[in-house]
Amino acid sequence: MTNRLKSTTSPYLRQHSENPVDWWPWCKDALAEAARRDVPLLISIGYSTCHWCHVMAHESFEDEAIARVINENFLPIKIDREELPDIDAYYMNALQAMRGQGGWPMTIFATPKGSPFYAGTYFPPAPRGNLPAFTQVLGAVSQSWTDRRAEVNEMTQRMDRGLADMASAVSDALPAEAASELLSAEELDSAAESLLDSYDPAWGGFGKAPKFPPLMNLMQLLATFVRLGGTTSAREKALGPDMVDRLGADGHLEGELVLDCLIAARSTFARIASGGMRDQVRGGIARYSVDRQWFVPHFEKMAYDNALYLRAVVVWAKVERALNPDSKWLALAEREVTDTANFLTADMSDGDRFIAALDADSLNAEGVMEEGAAYVVTPEEFAEVGEDGLLQLVDSPAAGELSGSVVAAIRIIDWLGMDDVPFDEEHPAPWTTSATVAQQDRLRELLAQRPQPARDEKTITEWNSLAITALAEAALYTGGVDEAGAGAGEPGVGRTGVSGTGDSAVADSAVNWGSAAMHLWDAMLARFGDSAAGSDRDSDVSADSSSASSDTGLHVRRSFTGDRPGPGQAGLADWAQFITAGITVSQLPDASVQVSDLMSASATMFTDFTAEGETLEVFDSMGDEILGVRASDPVDNTVPSGRSAAAEVALLLAEIGVEGSSEAGSTGTAPAEGLSTSGLLDLRDRLLGVYRALAGRAPRGCGHALWQSERALNPVRVATRDAALSGIAARHPAVALITRSTGVPAESGGEVEVPDGTAIVCRGTQCSLPVTTVEELIGLLDT
């Protein structure tokens, strides 16, 4: 039997390379062989850190008898959903249409042309509960293919039509004029209210268990809070600082939208930060919480979750700093910034890139693979560590199958709500006490002795870019303040701030994050340069098949394993997050990013992934030659959709200002054909306008789009070359972009210059006079 998976770029496929199943990768030859044999496809889709993928592999794909049934009656294909997200999305739509829900491992039965006719997820080797045995499913599908082919063909025809219609269902439901207009403040208020209807006041988050961290929705709520004047009215008008600090400690809403946005965000962040889904020993968050309380995680750690968490807690920290730079809430937010950024750089990086994920499973003491074995602690082990600090073991029915207990820090919630417990230099945050630090050190030593989870070493362009963006934003927030230039208590400086504590280790971390972000960005750009033009010879997809490659000189790919590109072309999300990362890194001191190159890449991206019509058509991929479809899904799921990610690019580039911008490398003309500030603003609005159909009814499915819509209503940029003023801007919640030039054309033909030692605040083409002091800058930003 030919081993076709051993040399692939996917760790997931290589995990199955020694199976007795005669696996093929996704390619034309596989479908041609199925047609020659006249057998259906068995398509199994998953990823390397998927727990139930491991279970099904061990139970079924490693079983000789089951493998024999598969090999005789099907053409089996293995797909890594992370390498080929467009194929995964196509079949996930089919699974959800047939079953009403989805998940991985995904098990699809399809014709030799790839048309699905039966689908499921995990199937056990023997009947279990309401699940049939996998062998029963294989037998029934094979019999239907042999004896009821006409019914199978009719089913596939209906499914093909249905999947084609799904692609444009949202945009087709909107009138053209509605889909081209940005959501109004009133509509965004309604979206926030609709989201809050599903808020869990007892434990934070939205909906019931299992709970995924709603990071994009939290950024949306914080932006709504800022737009409604929360950072000024709550601090200066409606409430005093003491009352503001009490909001959210018990999680219950007040019935006033501006306050409820803050309460829901605070409560959710605090519950996540203090729970077991958040790794209290090394930092970072797991993929989701099995229970409602955020106690017991599904232990795999994904690059995208931690990147989005870092972005979200930076946004949170900016809001808390504007409210009260001496609050417990800010201290907690900045703890999350520091620990998550350090986790990403220490545990999820590989020199010049971020890896995809850490597995949920590892070997336990008996040498058996077990979920959570690298993280859980027995009561006896914890007693030796010491129980005097903040950390404790939590008990939950969801942990029943684990070999130990999860470590959490739930007393943080009590500390936040205790008005009689002061917070000052003599009464530090509970996670900084010597007893807690000792607990962490001992737990780190204990857990380091165990077999560690496998690392998925793939580099996914989209996720790598998200992590670079988050790291750069953390560096801008953490390291951007000259304390001598601002008075105590001003937003931007405070006793509890990460650079206001006098902690040199934290300050050094901030510098390291910025340096790492620039290094990682440069390495990613180098991979996409001319030297990366080659394609994977085993792939049906050429690196040169996208016009983006030829137009920009960049050969952006979906993924790399080492220096080998994966089989998939870069999709819209890959391009958009790549460009956003470049824009964010460009704001760091000494960054070498050429904004003109990003504008050229953006022009090509919009050309390749959008099409003009009555409404703007948006495609998530360049299309698959086998299936002949181009995915188009506007929903923000675990990561921002390609559409909403592209909207962020349009928003940020419009803020840079194409015409007349020295940062764009041009004077008076656009650096890329078809790209202009007005065109970018129009694109931004048309990309976001389609979410009018989802905002009120399903806000949890468009959190990133709603966050961008909030930012687009009143974007603020600060132009300055002064380090102290730049630091103030980097910590203000209203600022979308920091530049070294205004991007506004001057009557002389150049642009409006920024005098040394000053800052200019711009909203659109309206810019302030230069200001020289922190107080003046804060006054302009708070307006």
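Student: Why does Thr469 count as buried?

Tutor: Buried means under 20% relative accessible area, whereas exposed means over 50% and partly exposed lies in between (1.4 Å probe, protein chains only); Thr469 stands at 1%, so it counts as buried. This is a predicted model, in which local features need pLDDT of at least 70 and side-chain atom pairs count only at pLDDT 80 or more, while totals for chains, interfaces and linings use all residues. Side-chain values use heavy atoms, with hydrogens and water left out, and residues are numbered from 1 along each chain as its sequence is written.

Student: Which residues does Thr469 touch, not counting residues up to four places away in sequence?

Tutor: Thr469 belongs to helix α20, residues 461–479, where helices (H or I, at least four residues) and strands (E, at least two) are DSSP runs numbered from the N terminus. A contact needs heavy atoms within 4.5 Å, and with residues up to four places away set aside, Thr469 touches Arg311, Gln577, Thr580, Ala581 and Thr584.

Student: What makes Cys50 and Cys53 a disulfide?

Tutor: The definition asks for a pair of cysteine sulfur atoms within 2.5 Å, and the sulfur atoms of Cys50 and Cys53 are 2.3 Å apart, so the pair qualifies. The torsion about their S-S bond is about 80°, so this disulfide is right-handed. Cys50 has a relative accessible area of 3% and is buried, and Cys53, also at 3%, counts as buried too.

Student: How do you know that Cys762 and Cys767 form a disulfide?

Tutor: Their sulfur atoms lie 2.2 Å apart, and the torsion about this S-S bond is about 110°, so the disulfide is right-handed. Cys762 is buried at 0%, whereas Cys767, at 30%, is partly exposed. The rule gives two disulfides, and with the bonded cysteines numbered in sequence order the pairing reads 1-2, 3-4.

Student: Why is strand β3 said to be largely enclosed by the rest of the structure?

Tutor: Six of the six residues of β3 (75–80) are buried, so the strand is largely enclosed by the rest of the structure. Both faces are covered, with Leu75, Ile77 and Ile79 buried on one side and Pro76, Lys78 and Asp80 buried on the other. In a regular strand the side chains alternate between the two faces of the sheet.

Student: How do you know that strands β1 and β2 pair with β3?

Tutor: Two strands pair if DSSP finds at least two bridges between them. Strand β1 (24–25) is joined to β3 by two bridges in the parallel sense, with Pro25 facing Lys78 as its bridge partner. Strand β2 (41–46) is joined to β3 by six bridges, again parallel, and Ile45 stands opposite Ile79.

Student: Why are β21 and β23 said to stand at the edges?

Tutor: Four strands form an open sheet of mixed pairing, in the order β21-β20-β22-β23. Strands β21 (735–739) and β23 (766–767) each have a single partner strand, so one side of each is left without a neighbour in the sheet. Strand β20 (716–720) pairs with β21 in the parallel sense over four bridges, and the bridge partner of Arg717 is Leu737 in β21. Helix α30 (774–781) packs on this sheet, touching β20, β21 and β22 (759–763), and its direction makes about 5° with that of β22; the axes are lines fitted to C-alpha atoms, for helices over the stretch in contact, and angles run from 0 to 180 degrees between N-to-C directions.

Student: What makes the aromatic pair of Trp521 and Phe578 stacked?

Tutor: Rings of Phe, Tyr and Trp (its six-membered ring) pair if their centres lie within 6.5 Å, and planes under 30 degrees apart count as stacked, over 60 as edge-to-face and the rest as tilted. Of the 22 aromatic pairs in the structure, Trp23 and Phe61 form one that is edge-to-face, at 4.9 Å centre to centre and 85° between the planes. Trp521 and Phe578 are also 4.9 Å apart, centre to centre, but their planes make 25°, so this pair counts as stacked. Trp521 lies in helix α21 (504–527) and Phe578 in helix α23 (572–585), so the pair ties together parts that are 57 residues apart in sequence.
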